[in-house]
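User: I am new to reading protein structures. Can you take me through one, feature by feature?
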Amino acid sequence: MKKYIKIIAVTALSSMMLPSCSSDFLDVEPEGLTVESNYYRNEAEAFAGLASVYDLMRKNSGGFENMITMFNAGSDDHYAGGGGASDGAGIQSFSNYTINVNTVPDSFFSDYYRGIYRANVLLSKLPSVPMNETTKARYAAEARVLRAYYYFNLVRMFKNVPLILQPLSGSEFYSVTQADPADVYEQIELDITESINALPMTLNPSNEGGRLSQGSARAILGKVYLYQGKNTLAAAQFAEVNGTPGGISQYGYSLEDNFADLWNVSNRHNSESILEVTHSSQGSYWGIWGGNADEGNTVNVMVGPRNYVKVNAAAPDLPSGWSFNVFTQDFIDFMQGDPRFEATVFDIHPYEDFAQSQNPNSHAYIGGYQDTGYFLNKFLPRQSDVYSGPGDAVLNYKQNTYAIRLADTYLMEAEALGGSGARAQALLDAVRARVGLPSVPVSMTAIKNERRRELAGEGHRWFDLVRWGDAPTVLGPRGFVAGKHEILPIPFRELDGTQLVQNPNY
């Protein structure tokens, strides 16, 4: 921990002057290196500092070690896939539950602490920055909610994590210990509840896309309550976010009319988007991949079929990908007949069959590891999206991803309501009606099934199974062990020479 925090302390400030990959509004020109004591002299520098805090939102879908593909791989809906059993030790070992202190990727721990460090620095400097007080309060609120969100991801991944609320230096690094998870959750709740009123009700998507609003903060808070079993509090927050099921909420949220439109690269910051991670093609290249200046969405290239060839006019025009996160046959069987199937799953079998019918030596693609022929269509790269500017094209896809969207909060509210009652029924009905499905009686089973279909491939399934207590049964055949695999091991690099203690049974 001390090693990483020291590295973060050196690098975070320099990156505060760089553009963020996480939000459209964060268009900050680099100004070179400035020592911390001379920084935050005005509102522009405070804004650059805020940009650096948002930057770690990219963890959802940027870099090889991203939340979406990692946690898809650990679920029953996907295999890790990729080029082989050794293609990414972290994602492979999580998928088959051999993950250990040496294979768990360090970045799932360290990247979020980098964001927390930046939030702590900004919060410590903001009071003395000469700027409009209302704007200052908004910046502080955004920093605190982002810090809360990063801690939420840490505590639900690792459970036992340090709680650091100010920049550390010197001997303080050597005394860092893990906090009681209840204390971490308490701080998360405090950061959000004390910040909501300083955030705007709605955003202007043309120049504030990706920033936090009252609605997104409440959605995060509702999710935080839900993961602690505080269902009454969770339902109340989600009700504020969701409004009348199927209508337009007080924050302007509404379900997109067409489910498939959610995955249109140009359909950014739409009415269903609550917490969105923004990507762009800004010339990312291998040397900065996954780092501060990496702007691209890596999920896109990761989930595409390998050595793809457009074999006929009916075939989609796709670039080659890396074949991660292929769907399991169990999921394909589960999704049969669902109107969301085509937007969710790319079935390559018809194109492979056509290629074979023309020439037994021809192929539409080369199957990767654990290949099933079923790929994640929500994030499948299109040839029209391939970047032609400087940098490496495979690292410059610009599709945004949703950390939270309205159909997700509808179903979480229905869950928090215990899967019963008129409002839970209306919430479930609205999600189904959007895709032309009839009403089914609301129940926890119906809600679980709807989440699996609606949110497939978006990185939620593993967390859902763990939250519901279903993971040992569902994931047992993959090697999941109850009392161990509900959380990840603390990476070895964080334990080496520090006060941190490994999680149980690792």
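Analyst: Let us begin with a single residue. Lys159 sits in the loop that joins helix 6 and helix 7. Keep in mind that this is a predicted model.

User: What is the phi of Lys159?

Analyst: Phi of Lys159 is near 65°. That is a positive value, and the residue is not a glycine.

User: Is Lys159 buried, partly exposed or exposed?

Analyst: Work from the relative accessible area. Under 20% is buried, over 50% is exposed, and partly exposed lies in between. Lys159 has 40% relative accessibility, so it counts as partly exposed.

User: Where does Gln370 lie, and what is its phi?

Analyst: Gln370 belongs to the loop between helix 14 (349–358) and strand 3 (374–376). Its phi is near 60°, again positive in a residue other than glycine. With a relative accessible area of 27%, Gln370 is partly exposed.

User: How do I read two packed helices?

Analyst: Two numbers describe such a pair: the angle between the axes and the distance between them. Take helix 7 (residues 181–193) and helix 9 (residues 214–227). Their axes come within 10 Å and cross at roughly 160°.

User: Are helix 7 and helix 9 roughly parallel or roughly antiparallel?

Analyst: Angles over 145 degrees count as roughly antiparallel. Helix 7 and helix 9 are therefore roughly antiparallel to each other. Their crossing is left-handed.

User: At what angle do helix 6 and helix 9 pack?

Analyst: The angle is about 30°, and the axes of helix 6 and helix 9 are 11 Å apart. Now apply the other cut-off: under 35 degrees counts as roughly parallel. Helix 6 and helix 9 are therefore roughly parallel to each other. The crossing of helix 6 past helix 9 is left-handed.

User: How many cavities does the whole structure have?

Analyst: Always give the size limit with the count. A search of the whole structure finds five cavities of 30 Å³ or more. The volume of the largest cavity is about 150 Å³.

User: Which residues lie nearest the centre of the largest cavity?

Analyst: Asn60, Met67, Tyr149, Arg156 and Ala403 lie nearest its centre. They belong to a lining of 19 residues. Next, sort that lining by class: 11 residues are nonpolar, four are polar and four are charged.

User: Which helix gives the most to the lining of the largest cavity?

Analyst: Helix 6 does, with four residues. Helix 3 (67–73), helix 6 (133–158) and strand 4 (401–405) each supply at least two residues of this lining.

User: How many residues of helix 18 are buried?

Analyst: Count along the helix. Helix 18 covers residues 461–468, and seven of its eight residues are buried. They are Arg461, Trp462, Phe463, Asp464, Leu465, Arg467 and Trp468.

User: What comes just after helix 18?

Analyst: There you find Gly469, with a positive phi of about 80°.

Terms used. Residues numbered from 1 in each chain as written. Predicted model: local features only at pLDDT ≥ 70, side-chain atom pairs only at ≥ 80, totals over all residues. Heavy atoms only, no water. 1 Å grid on protein atoms, 1.4 Å probe; cavity = no way out; pocket = protein on both sides within 12 Å on 5 of 7 lines; lining within 4 Å. Points joined across faces, edges and corners; volume = space filled by probe spheres on them. Nonpolar A, V, L, I, M, F, W, Y, C, P; charged D, E, K, R; others polar. Buried < 20%, exposed > 50% of the residue type's maximum accessible area, 1.4 Å probe, protein only. Axes fitted to C-alpha atoms, helices over the stretch in contact; angles between N-to-C directions. Parallel < 35°, antiparallel > 145°, perpendicular 65-115°, else oblique. Left-handed = near helix turned anticlockwise from the far one by under 90°.
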